[in-house]
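Have a look at the structure first, then read on.

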Amino acid sequence: MAKRKFLPFYEKVAVRRTLGRASDLTLLFLLVSLVVYRLLRLTKYFSGDHNKISVFAWSLALLYESWFTFNWFLTVNIKWNPMKCITYPSRLLQSELELPPVDMFVTTADSTLEPPIMTVNTVLSLLAVDYPAEKLACYVSDDGCSPLTYYSLVEAFKFAKFWVPFCKKHDIQVRAPSRYFSGDSVAFGSLEFQEDWKMIKEKYEELSQKIEAASQKSIPCELVGEYSAFSNVKRTNHPPIIKIIWENKEGDLDRMPHLVYISREKRPDHQHSYKAGAMNVLTRVSGLMTNAPFMLNVDCDMNVNNPQVVIHAMCILLGSNNDKEVGFVQFPQNFHDALKDDPFGNQLQVLTEYMSKGLEGIQGMIYCGSGCFHRRKVIYGSWPNKDKQNGEITRSSSSTDGKVDDKELLTKFGSSNELIKSARDALNEVITYSFDLSSSIEAAYQVASSSYESATSWGSETGWMYGSTAEDMNTSIKIHSQGWCSVFYIPEPAAFLGCAPSSGPVSMIQQKRWATGLLEIVFTKNNPILLVLTAKLRLRQCLAYLWILIAWAASSIPELGYSLLPAYCIITNSTFLPKVDELAMIIPISIFLLYNLYSLWEYLQIGLSIRCWWNNQRMARIANFSAWIFGALSVVLKLLKISETVFEVTQKEQSSDGDLDDDISRFTFNESPAFVPGTTILLIQLTALVMVLLRWQPRPPASNGQGSGLGEVLSSLWLVLYLVPFLKGLFRKGKYGIPLSILQAAITRMPLAGVQREVGKIKLFEEYFSILKSINRKCNLKHVLLEGLCSLP
C-alpha cells in the first residue's frame, strides 16, 4: 500500500458519551415498559372489570405512548455514536494543491421583510473572505425584483473597494461592517490603523444613510440607464434581469471578486418553485459564467463571521487522499445578538451539539439551506465513484464517465448548448473558470427564463429538488440517496452568524413552514423509506430522516391528543395513569424525572442556563400545539387538492442597541389562527383544574372506583406551566395579549362536546358552559373570561 505524500487535511474524531448512552437506553427501556404495562392492563379492562371511559383513555394513552417510544428509538439511533470533524488549514495551504474556484450564492426574496442593508452586509462579508479574489464570484438572487436591492448592491460595491483591502490589511476578523462597527466600537492600534478605521466607518455610515434614504422612497432612484430594466415590472411578472456589477477581467489577486445581480423571470402562468427555483437559476447562470467546481449558498442574513471559512471547507472537500465521497459541507447556523436564554426556542444550540454530531457518525449532517458548500457535480446529479475492484473503478454513473450523449444532457440540463458544455466539464471535473463574464450574458438570460426548465430534469433529478417548501431537506435526501456522505463542521469562531426570529408570530411562521415542508417530502418519491430500498441511502440515515420528517414534524398530533388526556380524565373523572399507591406509578414518574433531568443536563453541559432549558421545553410544546398542527393541516389540504402550500418568507430583524431588553423577549401574539389551539388547550386545562378545585367532577363508576387522581391533576398543572405565555396573554393588552378573535375562536371551538355530554347532567357544569357561551357573545371577552370563572357559585 502506497504511503501518503502529505498529512490529512481533516479527520473525524469519535465523541465519548457513556452517560448519555446509558440515559438513552434507560429511557427507552422505561418507555417500552410503560407500553407493555398498558397492554397488560387493557386486557383486564376489556374483561369488564372497569368502565368504558377508562378503556378509551388508556387506549389513547397506549397509542400516543407507542408513538413517543418510536420517536425516542429514532432519537437514540441518531445520538448513538457522535463524531466531530477537525480541519488543518495550514496543511492545505502548505500542500502543492491549487485552491479551486468557488461560486458564492446569496438569496433574498423581499426587500421589506429582508432589508437590503442586511443583504449588503452579507455580500460584503463574502467579498472579504480570506481566499484568492480571482477564485471567487458572488451571485445575488433577488426574487423580489427590487430596484432597491440592486441599488444597494451597486452602492455597496463602491464601499467594498475600501472595506475589503482594509480587512485584509489589518487582519480584521469580523468581515460584516454592521457587526464590526456595532455598539460603541473604538479603534485601538497604530496611528495608521486609527486613520483607516475612522475613514472606513464614515464611508459605511454614508452607505447606510444612502440605503436608508432610498428605502423611504417609493422608487429608490430614477429608473434610467442601468436601472431602466426595473421600469414597468411587477414582482411576480417580469423578464429576467441580470446585472454584472463587477467582473475581475484581469484575474488580479489584489482586485475584487466578481459580483453579479440576478432576478429570474417570473410569469403568472409558470410555477417558480420558491427558493429551490431561485437556487437552480443561480446554479445555471454561474455555470455559464464561472462554472466553479464548488458552490457556497447563504441566506441574505447569514454574515461570514470566520474569514477562513472557505479554507476550512476546502480542507474537507479536497480531502486527504483526493477523497470524492463528501458531497457537501454544512456549517452550523449561529445567530448574532441572540436573545438571552433563547426565549423563543429557535437558536437550536442543543440540536446542533448533540443531534448534528450524531448524524456525523452515520452518513452525515443534513443540508440546512444556508451556510453550506456543495460540489457542483453533486448538484448536477453525479454519483460517487466508490465501488472499486483491484484498485480500478468498476461502477461509474453515466454522468461522470465522460460518455454522456448529447440527448441525455439535453434532457437533463435543457436546450442551452453553452450550459451543456459547462455541465459536461463540471461532471468530468474539468475546471474552466472564466474571467470574462460579459461574454456569457446572452446565454445567461436564456437559462434564467421561466420556461427554460420545461421538459428537463431540473428540480427532479438535477439541481435543488422541487415538491416541498423545505427544499433543503428534499435536496439533502436526494444527495444522500445517491451514496454521497456529508460533513458537519463547527469552527471557532462560528463560520456564519444570522438573525433568529425575535417574536412569537415570526417564530410560528418559521415553524409552520418547516412542518409543512418536512411532511410534504413524506408523500414524494424522496421518501427515505423508498430510497433505502431502491437507492443507496443507509438504513440508519433513513431512520434519522424519519425522525426529522415524521417523528419530529408529525409529533404535533399525538402531543396534542396526549395533552388533552389529563383534562379529559379530570372532567369525566376517569383515569389514564396508575394510582399513586400502585407500584406501576414508578414507571411514568421515572420517565418524567429522567427525561427532564437528562435534557437539563445536556443544556448545562454546553454552558446554557436552566432558564434556557425551560424556554426551549416550553416553546417546543407551544410550537407543537400551534405551528406544527397547522403545518400538518396544510399538507392534508394539499393532498386532498383543496389548496397548495405556500412558502412564507420569515421577517429578518436587525437588533439595535436598545433592543436587548426584557420587552423583546416577551411572547407576542397576533390574529393568526395558529394561536387558537394553544389558547384552547389552556382553557381546557383551566376548566379541568377549576372542576377539581370546586369538586364538580362526576362520581367515579361503581366498578372499582377508577376516578382521576393526583397524576392527572399534576399533568394538567404541568401543561399550564408550559402555556404560561398564553396565560399571561389573557391579562395583557396590545401585541402581548391574546386578541379577542383568538379567544372567541378558542372558546367556541373547545373540543369538549363529548365531555359535556358525559357530565351534562351536572347542574354546575352546565352553568359553567352557559357562562362560556355568554362570554362568546360579549365584546369585552378578555375581561369577562376570568370574571366568569370566578363568579360561579
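How are α19 and α23 oriented to each other, roughly parallel or roughly perpendicular? This is a predicted model. In it, the axes of helix α19 (residues 556-572) and helix α23 (residues 676-693) cross at roughly 25°. Angles under 35 degrees count as roughly parallel. The two helices, α19 and α23, are therefore roughly parallel to each other. Their axes come within 8 Å. The crossing of α19 and α23 is left-handed.

Which residues make this contact? On the α19 side they are L560, S563, L564, A567, I570 and I571. On the α23 side they are I681, I684, Q685, T687, A688, M691 and V692.

**A buried aspartate**

Now turn to helix α1 (residues 18-49), where D24 is found. Is D24 buried or exposed? Its relative accessible area is 0%. Buried means under 20%, so D24 is buried. The side chain of D24 has a polar contact with the side chain of R17, at 2.8 Å. Leaving aside neighbours within four places in sequence, D24 is in contact with R17, W72, V76, K79 and Y598.

**Backbone exceptions**

Most residues other than glycine have a negative phi, and most peptide bonds are trans. Some places in this model depart from that pattern. N232 has a positive phi, although it is not a glycine. N573 also has a positive phi and is not a glycine. The table sets them side by side.

| Residue | Phi | Loop | Relative accessibility |
|---|---|---|---|
| N232 | about 60° | between α7 (191-215) and β5 (241-246) | 82% |
| N573 | about 55° | between α19 and α20 (586-605) | 8% |

Which of these residues counts as exposed, and which as buried? Exposed means over 50%. At 82%, N232 therefore counts as exposed. At 8%, under the 20% limit for buried, N573 counts as buried. The loop that holds N573 lies between α19 and α20, and α19 is the helix that crosses α23.

Where is the cis peptide bond? It runs from E492 to P493, with omega near 5°. P493 is found in the loop between β14 (485-488) and β15 (496-498).

Definitions and conventions
Residues numbered from 1 in each chain as written. Predicted model: local features only at pLDDT ≥ 70, side-chain atom pairs only at ≥ 80, totals over all residues. Heavy atoms only, no water. Axes fitted to C-alpha atoms, helices over the stretch in contact; angles between N-to-C directions. Helix = DSSP H or I, 4+ residues; strand = E, 2+ residues; numbered from the N terminus. Parallel < 35°, antiparallel > 145°, perpendicular 65-115°, else oblique. Left-handed = near helix turned anticlockwise from the far one by under 90°. Contact = heavy atoms within 4.5 Å. Buried < 20%, exposed > 50% of the residue type's maximum accessible area, 1.4 Å probe, protein only. Polar contact = N/O pair within 3.5 Å; in protein donor to acceptor, adjacent residues only side chain to side chain.
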